[in-house]
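Subject: Handing over a structure, with notes on what was found

Dear colleague,

I am passing on to you the structure shown below, and after it you will find my notes. Please read them with the model open beside you.

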Amino acid sequence: FDNIILNGTSSCTDTMDWENILSPTASPQTITQGDTFNVSTQAVEPGVTDTNATAEGTGVEAWIGYSGTDDNPSTGAGWTWVVATYSNDIGANDVHIAEIGSGLTPGTYYYATRHSLNGCGYTYGGTGGIWSNDSVQLDVLADQVNFCNVDFPKSAAITTGGNHDVYA
């Protein structure tokens, strides 16, 4: 009995009852290229996330996703998903956090969340709960000098080949 073949469809239907972006939720958010940017999400599944207030619910996985297009993350192409790690519980909700900012180039992005329970399909969330066209806008600005000047001295005379310190 070493060549067993199973035909049929998956009966895996476990999903989270509720999820959302916990923080930050105000839109738009703004960072400078290279900055870290942590996003947290929370989710609840009765009998799973509420069984231990100091540990992740069994079978719970979370991600924070970002895209250059503000579309439905469950159907939109171009979403990049970053694994979120368990942080703590808020009541019966498992809280997860992911850092998504440090690798982004300048531009406008949108972020949302997704969860999986027991390796089954995903549920997607925005700021108000299960996805309802409510991602958060993240603007990444170029890392550039905002101000510079010659501080001291404003003028000087030196001989050819001489040195003179200038402070900026």
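The accessible surface of the protein chain comes to about 9900 Å², and carbon and sulfur atoms account for 49% of that area. Please keep in mind throughout that this is a predicted model. Of the 168 residues in the protein chain, 37% are buried.

As for the fold, the protein chain has nine strands and zero helices, so that reading along the sequence gives the pattern β-β-β-β-β-β-β-β-β. The radius of gyration is 24 Å, whereas the globule rule gives 15 Å for 168 residues, and the protein chain is therefore more spread out than a compact globule. Taken along the principal axes, the box filled by the C-alpha atoms is roughly 90 × 45 × 30 Å. Among contacts between residues at least 6 apart in sequence, 68% join residues that are at least 24 apart.

In soluble globular proteins, nonpolar side chains tend to be buried together.

The aromatic rings deserve a paragraph of their own. A search of the whole structure finds six aromatic pairs, one of which is the edge-to-face pair of Trp63 and Tyr122, with 5.3 Å from centre to centre and 90° between the planes. Because Trp63 lies in strand S4 and Tyr122 in strand S8 (residues 122-125), this pair ties together parts that are 59 residues apart in sequence. Trp63 counts as buried, at 12% relative accessibility, whereas Tyr122 is partly exposed, with a relative accessible area of 38%. Tyr66 and Tyr109 form an edge-to-face pair as well, with 6.0 Å between the centres and 80° between the planes, and this pair links Tyr66 in strand S4 to Tyr109 in strand S7, 43 residues apart. Both Tyr66 and Tyr109 are buried. Ring pairs also link Trp63, Trp79, Trp81, Tyr122 and Tyr124 into a cluster.

Two individual residues are also worth a look. Thr41, in strand S3 (residues 38-44), has 0% relative accessibility and so counts as buried, the cut-off being under 20%. What does the side chain of Thr41 make a polar contact with? One partner is the side chain of Thr113, at 2.9 Å, and a polar atom of the Thr41 side chain also lies 2.8 Å from the backbone oxygen of Asn20. Not counting residues up to four places away in sequence, Thr41 touches several others, among them Ile21, Ala62, Ile64, Val95 and His115.

Glu99, in strand S6 (residues 93-99), is partly exposed, with a relative accessible area of 28%. The side chain of Glu99 reaches the backbone nitrogen of Ser102 at 2.8 Å and the backbone nitrogen of Phe37 at 3.0 Å. Leaving aside neighbours within four places in sequence, Glu99 is in contact with Asp35, Thr36, Phe37, Asn38 and Val82.

Key
Residues numbered from 1 in each chain as written. Predicted model: local features only at pLDDT ≥ 70, side-chain atom pairs only at ≥ 80, totals over all residues. Heavy atoms only, no water. Helix = DSSP H or I, 4+ residues; strand = E, 2+ residues; numbered from the N terminus. Buried < 20%, exposed > 50% of the residue type's maximum accessible area, 1.4 Å probe, protein only. Contact = heavy atoms within 4.5 Å. Polar contact = N/O pair within 3.5 Å; in protein donor to acceptor, adjacent residues only side chain to side chain. Rg over C-alpha atoms; globule rule 2.2 N^0.38 Å. Areas by Shrake-Rupley, 256 points an atom, 1.4 Å probe, with all protein chains shown as cover. Phe/Tyr/Trp six-rings, centres within 6.5 Å; stacked < 30°, edge-to-face > 60°.
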